[in-house]
Amino acid sequence: MPHQPLVPTIRRRRLGATLRKLRTDAGLTLEEAADAMGWQPPKLSKIENARQKIQPAQVLTLLEMYGITDAQVFGAMESLARDADKKGWWQTYSAIISASYADYISLEDDAERIWEWSPLIVPGLLQTADYATETMACSSFSRTSREITALAEIRRARQAVLSRPDRPLLFRAIIHEAALRQRFPGRPNTMREQLRRLVEVARFPNVTLQVMPLASPAHPGIVGGFGVVGFPAPAAELVALENLRGSTYFEGEEAAPFIDAMERISAAALSVQDSLARLSALEEGQRV
């Protein structure tokens with residue numbers, strides 16, 4: 001039976017990219033690092049490009065060679081290597097979710113922090129079941145009702161990262177007021193319950209919410225939404241753009257403009273305190 005090429009997982013891509021950065025930061029060429037490990041250069045190249053597996057113990061040896069002494073870095077990299085091929089709960093839904101969506105859920109599961117700018121919709125991590133179902137039906141128009149229900153379940157299951165007992169995700173979201181004024185004909189309670197949920201989570205110690213008012217100053221967020229995903233050091237931040245075809249990711253220098261834009265978007269939004277007041281007012285208005 002012919003050998004099947006290794007399909008890189010998002011975790012293995014992050015592992016390889018981080019190892020490559022640490023090697024270059026240490027001033028070592030690919031050939032020098034491979035020789036020190038007793039490998040041929042193509043082997044290390046494949047590892048750095050997520051085309052070959054590497055054992056956690058080998059990762060630790062590389063880190064020592066690269067002069068890393070931080071115990072947290074050792075722990076984070078060992079964990080990433082150990083979990084590179086780990087299957088998550090979302091694999092149960094592999095028949096109905098795309099590979100890019102599965103990748104994003106994996107990133108979300110590994111993340112330490114996420115900062116999201118959402119101009120058109122309430123972020124998935126904050127959606128109620130009814131809101132998730134309604135919005136999923138709009139964006140997944142070719143899906144059956146059963147598939148839409150399953151996709152809404154996935155969106156809700158993702159929210160477990162906000163209440164992880166060991167390391168709850170630090171989640172920061174900026175939501176445009178226009179998204180908060182959405183109405184669903186025939187389902188008047190949907191938005192009311194969603195606003196109530198936002199008021200609740202805004203008080204979580206690991207959640208920070210800002211509202212972009214309708215009368216906001218000009219800001220770079222007018223070109224569309226995106227999210228900045230952060231991981232334990234030394235992994236670099238990653239930017240995710242979501243659309244109907246899936247997700248696109250940017251790292252390193254390509255991510256820098258988005259991170260700068262997020263700071264500017266946040267500065268144009270209401271303060272955290274004023275945002276909570278606006279959310280409460282919108283939720284109260286829904287009761288009328």
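1. G16 is buried, with a relative accessible area of 1%. Buried means under 20% relative accessible area, exposed means over 50%, and partly exposed lies in between (1.4 Å probe, protein chains only). G16 sits in helix α1. Helices (H or I, at least four residues) and strands (E, at least two) are DSSP runs, numbered from the N terminus. Leaving aside neighbours within four places in sequence, G16 is in contact with I47 and E48. Contact means heavy atoms within 4.5 Å. The C-alpha atoms of G16 and A173 are separated by 29 Å, and the two residues are 157 apart along the chain.

2. A word on the source. This is a predicted model: local features need pLDDT of at least 70, side-chain atom pairs count only at pLDDT 80 or more, and totals for chains, interfaces and linings use all residues. Residues are numbered from 1 along each chain as its sequence is written, and side-chain values use heavy atoms, with hydrogens and water left out.

3. Now the whole protein. The secondary structure comes to twelve helices and six strands. The C-alpha trace spans about 70 × 45 × 35 Å along its principal axes. Of the 288 residues, 45% count as buried. Among contacts between residues at least 6 apart in sequence, 73% join residues at least 24 apart.

4. Look at helix α4 (residues 56-65). Its buried residues are P56, V59, L62 and L63. Seen down the axis of α4, these fall within an arc of 115°, so they line one face of the helix. The arc is that of the directions from the helix axis to the C-beta atoms. The buried residues of α4 pack against α1 (10-25), α2 (30-37), α3 (41-48) and α5 (71-82). The face turned away from the buried side carries the exposed residues A57 and E64. Just after α4, G67 takes a positive phi of about 80°.

5. Next, a helix pair. The axes of α7 (residues 129-139) and α10 (residues 189-201) come within 8 Å and cross at roughly 125°. Axes are lines fitted to C-alpha atoms, for helices over the stretch in contact, and angles run from 0 to 180 degrees between N-to-C directions. α7 and α10 are therefore oblique to each other. Angles under 35 degrees count as roughly parallel, over 145 as roughly antiparallel, 65 to 115 as roughly perpendicular and the rest as oblique.

6. Which residues of α7 and α10 meet? D130, Y131 and E134 in α7 meet T190, M191, E193 and Q194 in α10.
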